[in-house]
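I opened a new notebook page for this one. Here is what I looked up, in the order I went through it.

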Amino acid sequence: MILIIDFGSQYNQLIARRVRECHVYCRIDAPDITVAEIKALNPDGIILSGGPASIYEKNSPKSDTAVFDLGIPVLGICYGMHFMISALGGVVEGVGRREYGFSELNIKKADGLFQGVSKKSTCWMSHGDSIRRLPRGFKITASTANTKIAAAVHAKKNLFGFQYHPEVAHTQMGKKMLRNFLFDVCGCRRTWTMKSFARRSIEEIRSKVADKKVILGLSGGVDSSVVALLLHKSIGKQLTCIFVDNGVLRKDEARKLKVTLKQQLNLNIRFINAKTLFLRALAKVTDPEKKRKIIGRLFMQVFEAEARKIKGADFLAQGTLYPDVIESVSAFGGPTSVIKSHHNVGGLPKNMKLKLIEPLKYLFKDEVRLLGKELGLEQDLIWRQPFPGPGLAIRILGEITHRRLTILRSVDDLLLEEIKNAGYYKKLWQSFAVLLPIKSVGVMGDQRTYENIVAIRAVTSKDAMTADWAKLPHKLLGRISNRIINEVNGVNRVVYDISSKPPSTIEWE
Ligand code: XMP
């Protein structure tokens, strides 16, 4: 395995992705990891990530410098390289102007990490500091026009440094360089596959749960569905899934799940119809945060009441993913400020003394999809776009009424059908409709209309932290708009949301 020490770079998850794409397991830890902990992990190699700080700043993140004496190969990237160089007696200084973007890399010799890499190729730079002098034992292995020390090595100690970012796709042969580090230098083997992960997880869950029972909040999204299937394969009927219909789900949501998970895969699922309870509590509520709080609170109530009926349940399973875990260990991470109070299905009720099972906590979203495939989950569920816990309640701006829910459900269904038919569903992070709290004048068959407006939102994103509005073809947008206005009663205008995140958010409420 490879240990990645996180100095706060925005590209950290990319480093981990690249390593795992090579079928090598890796984990990300904070800079304060101790040498004893590193020894216990016994990594084959260590990667020091980049980061936004300057090494000579007072509170810049640092690791124990004994990491360079463990005999484990180390690759420092950008800030990680600065940390290594200055810890070992070299000099790092501010260059006065930042270097950001493409640069041509001039490689001295095609050996070491540059084995098989062409002598001239582009790399991606993003730094404010540079190395002025290398410590004894190091030599320069590559330069660019602006940066003399773009790459360096201490061959005897297997210490490597890149000023540029091999993990971003803009560095043409970055993946090859990382592969050279993993396989030639660290001697890693390609053992990280979803097949091996599934086998190990199933065994681990079995021995952890023994003869006890597990409860899981099933939302219909890919994460909780994969957890359900993994647990089902592992402990069968000792798993009970609870699906709460909160009245603000999409069209046919519960029915579709019943068919795929309950009937086809024989999962033990309890469907709770709590529509009336939720919709009554939401009546006349227009404030987005109030809507979110009501739904979060009621969900917990309903879930807990149901969970209590399951005798002998010792465990609660959750679909926590690796990015959530990294967030809390990152040098500069930690929980970001609350922009919206997120409600996640399956959150641990405070007074329930259940132990947690989080089998996906080492996986990225795309790995979860691969795992789903490995476990035989239906394509439709595997490729499901994320859907927020508070559902359509936060996509109906203003009051939530039966009529407005019916309108949005029909629009949403039609929109997804068109997006799927046009081959865009998998390419988009999310695509959905929002019902606005205003009306506009229109004309239909010589008649004046005064009806609702619907906004279409379609975004591309890697992790929902940032997102771009999708440049959907005008022809497709035209067809969607035409169909909505013609087929959904109560809508006479469609608009397209062209804002990115930040400064907007993906959902409107
Ligand atoms: P925003 O709107 O904050 O959304 O840009 C980021 C991502 O999170 C989803 N989202 C939620 N997911 N519970 C969830 O499980 C929630 O309360 C919630 N609110 C937003 C949103 O759909 C997007 O993918």
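The entries below go from aromatic rings to a cavity, a helix and some backbone angles.

**Ground rules.** I am working with a predicted model, where local features need pLDDT of at least 70, side-chain atom pairs count only at pLDDT 80 or more, and totals for chains, interfaces and linings use all residues. Residues are numbered from 1 along each chain as its sequence is written, and side-chain values use heavy atoms, with hydrogens and water left out.

**Aromatic pairs.** I let rings of Phe, Tyr and Trp (its six-membered ring) pair if their centres lie within 6.5 Å, calling planes under 30 degrees apart stacked, over 60 edge-to-face and the rest tilted. That rule gives 16 aromatic pairs. I looked at phenylalanine 68 with phenylalanine 83: the centres are 5.7 Å apart and the planes at 45 degrees, so this pair is tilted. Phenylalanine 68 is in the loop between strand E3 (45-48) and strand E4 (74-77), and phenylalanine 83 is in helix H3 (residues 79-87), so the pair ties together parts 15 residues apart in sequence. Helices (H or I, at least four residues) and strands (E, at least two) are DSSP runs, numbered from the N terminus.

I then checked burial, where buried means under 20% relative accessible area, exposed over 50%, and partly exposed in between (1.4 Å probe, protein chains only). Phenylalanine 68 is buried at 3%, and phenylalanine 83 is buried at 3%.

My next pair was phenylalanine 162 and tyrosine 164, with centres 4.8 Å apart and planes at 20 degrees, so they are stacked. Phenylalanine 162 is buried at 2%, and tyrosine 164 is buried at 0%. I also noted a cluster linked by ring pairs: Tyr25, Trp192, Phe197, Tyr322, Tyr362 and Phe364.

**The cavity.** How many cavities of 30 Å³ or more does a search of the whole structure find? The search finds one. On a 1 Å grid over the protein atoms alone, a cavity is a set of points where a 1.4 Å probe fits but cannot get out, and lining residues have an atom within 4 Å of a point. Grid points are joined across faces, edges and corners, and a volume is the space filled by probe spheres set on the points. The largest cavity has a volume of about 50 Å³. Its lining includes Arg250, Asp412 and Phe432. Helix H13 (402-421) and strand E15 (430-444) each give two or more residues to this lining, and E15 gives the most, with three.

**Helix H6.** I found 14 residues in helix H6 (residues 222-235). Of these 14, 13 are buried, so H6 is largely enclosed by the rest of the structure. Glycine 236 follows H6, and its phi is positive, near 55 degrees.

Histidine 23 is not a glycine, yet its phi is positive, about 65 degrees. Histidine 23 sits in the loop between helix H1 (12-21) and strand E2 (26-29) and is partly exposed at 35%. Alanine 210 also has a positive phi, about 50 degrees, without being a glycine. Alanine 210 lies in the loop between helix H5 (194-209) and strand E10 (213-217) and is partly exposed at 46%.

Lastly, I found that the peptide bond from lysine 501 to proline 502 is cis, with omega near -15 degrees. The bond from proline 502 to proline 503 is cis, with omega near 5 degrees. Proline 502 lies in the segment after strand E18 (491-496).

Methods
On a 1 Å grid over the protein atoms alone, a cavity is a set of points where a 1.4 Å probe fits but cannot get out, and a pocket is an open set with protein on both sides within 12 Å along at least five of seven lines; lining residues have an atom within 4 Å of a point. The expected span of a helix is 1.5 Å times one less than its number of residues.
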